[in-house]
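Take a moment to look over the model below. We will walk through it part by part.

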Amino acid sequence: MDWREFESTIARFREDIRRAIQDARSESDLQDIRVRCFGRQRGFLREQFKRMADLPPDLRPRAGQLLNELKEWLEREIADRQRRLQETHLEERLKQERIDWTLPGTPYWRGAVHPIQQVRQAIEDIFLEMGYAVVSGPEIETDYYNFGALNFPPDHPARDMWDTLYIHGEWLLRTHTSPVQIRVMQRYRPPIRVIVPGKVYRHDEPDATHAPVFHQIEGLVVDRGIRFSDLRGTLAYFLQRLFGPACKMRFRPSYFPFTEPSAEVDMSCLLCGGRGCGACKQSGWLEVLGAGMVHPNVLREVRIDPEVYSGFAFGLGIERLAMLMFRIPDIRLFLQGDVRFLEQFRVDTWAFRDDVTS
Ligand code: PHE
């Protein structure tokens, strides 16, 4: 082998490998190139160093120098290429992984407060401010608490106003929250100021305005010198707090066995403001409450002396108020658990994962 052949082999390799290095797209491409150049078995440099033996001895130092230069050049080129590849790789990753803060988050369902509970809470807040306590009683009651103690004589036709669902014997589903009046007065002595939110049951055929289960809030105040004007003032204030200062109120005489005198309480129509519309049957008034002065027989039943104490009581249906406030046309919607209905009353139903601290 002569010098020219040796030199041209090296030059050709250099050209080939230069192109290969340029074309390298990955670390494994570079690794293949390293093997081709520096491999212990069949690497180009190793083979050429071996071939030096075929050259005339006086040319061998030049050949060694040439190969050493090639080796250094290869190492430099490969290292350069490697750095460039790492840089572009990083750039691409940065481009791909850059966080786009404008993208919407991953929403999840948080749920919302049921409209009945929203109205209940609003009403509780108003009475809590006035110093009332919030209490509750059982939904399964006895005939005594639901009727007897509330001055319904047995077989009195007033019971027909509250056709209930009997369980067995004395047990029934309460038709109103009024039995809790008795339970409270048995437990506490005057002064008493409570409201009683809760579920009640009636043996009614369901329709747009009747459901077999609904919610009431009972109110009871017993103290010395409680008068009818206290009842009126309390309810007028309550309705104005709930519906705004323009809300007017009127009392109509009525009958409940457990109050005397008794009244149905109307408020000026929410929808027409009292001018008359479909919702108020052109009367300008909506019936919202039953109320009255606690009957002396009821006070006697719980050993409170009606000569010393007097009181007032009232009861309202939450569904009815919620239907007026939210213009809901059918009471059955409250019970169906249809999310499309319920989510219309959400305050903030949707939240985003970022809110969750885990
Ligand atoms: N309990 C009565 C009803 O369910 C309402 C009421 C409560 C009336 C308290 C007077 C006093 O209709």
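How do the residues of the lining of the second largest pocket divide into nonpolar, polar and charged? They divide into 2 nonpolar, 5 polar and 5 charged. Here Ala, Val, Leu, Ile, Met, Phe, Trp, Tyr, Cys and Pro count as nonpolar, Asp, Glu, Lys and Arg as charged, and the others, Gly among them, as polar.

Some ground rules come next. This is a predicted model, in which local features need pLDDT of at least 70 and side-chain atom pairs count only at pLDDT 80 or more, while totals for chains, interfaces and linings use all residues. Residues are numbered from 1 along each chain as its sequence is written, and side-chain values use heavy atoms, with hydrogens and water left out.

Back to the pocket. A pocket is an open set of points on a 1 Å grid over the protein atoms alone, where a 1.4 Å probe fits, with protein on both sides within 12 Å along at least five of seven lines; lining residues have an atom within 4 Å of a point. The second largest pocket holds about 250 Å³ of space. That volume is the space filled by probe spheres set on the points, which are joined across faces, edges and corners. Its lining includes Arg25, Leu30, Arg81 and His89. Helix 2 (27-38) and helix 4 (60-97) are the elements that give two or more residues to this lining. Helix 4 gives the most, with 8 residues. Helices (H or I, at least four residues) and strands (E, at least two) are DSSP runs, numbered from the N terminus.

Now turn to the sheets. Two strands pair if DSSP finds at least two bridges between them. Strand 3 and strand 5 (residues 171-173) pair over 3 bridges. In this part, Ile140 stands opposite Leu173.

Another open sheet has 7 strands in the order 2-6-7-11-10-9-8, and its pairing is mixed. Strand 2 (133-134) and strand 8 are the edge strands, and each pairs on one side only. Strand 7 (residues 213-223) and strand 11 (residues 310-317) run antiparallel, joined by 8 bridges. Val221 stands opposite Phe312 in strand 11. Strand 8 (residues 249-256) and strand 9 (residues 259-268) are antiparallel too, with 7 bridges. They form a hairpin with 2 residues between them. Here Arg252 stands opposite Glu264.

What surrounds the ligand? There are 15 residues, and the closest are His176, Ser178, Arg202, Gln216 and Glu218. A residue counts as near if one of its heavy atoms lies within 4 Å. Polar contacts are pairs of N or O atoms within 3.5 Å. A polar side-chain atom of His176 lies 3.0 Å from a nitrogen atom of the ligand. For Ser178, an N or O atom in the side chain is 2.9 Å from a ligand nitrogen atom. Gln216 places a polar side-chain atom 2.9 Å from an oxygen atom of the ligand.

Finally, look at the backbone. Most residues other than glycine have a negative phi, and most peptide bonds are trans. The bond from Pro190 to Pro191 is cis, with omega near 0°. Pro191 lies in the loop between helix 7 (179-187) and strand 6 (192-201). Another cis peptide bond joins Glu260 and Pro261, with omega about -5°. Pro261 is in strand 9. Gln282 is not a glycine, yet it has a positive phi of about 65°. Gln282 sits in the loop between strand 9 and strand 10 (285-294).

Terms used:
A polar contact is a pair of N or O atoms within 3.5 Å; within protein, one must be able to donate a hydrogen and the other to accept it, and residues adjacent in sequence count only if both atoms are side-chain atoms.
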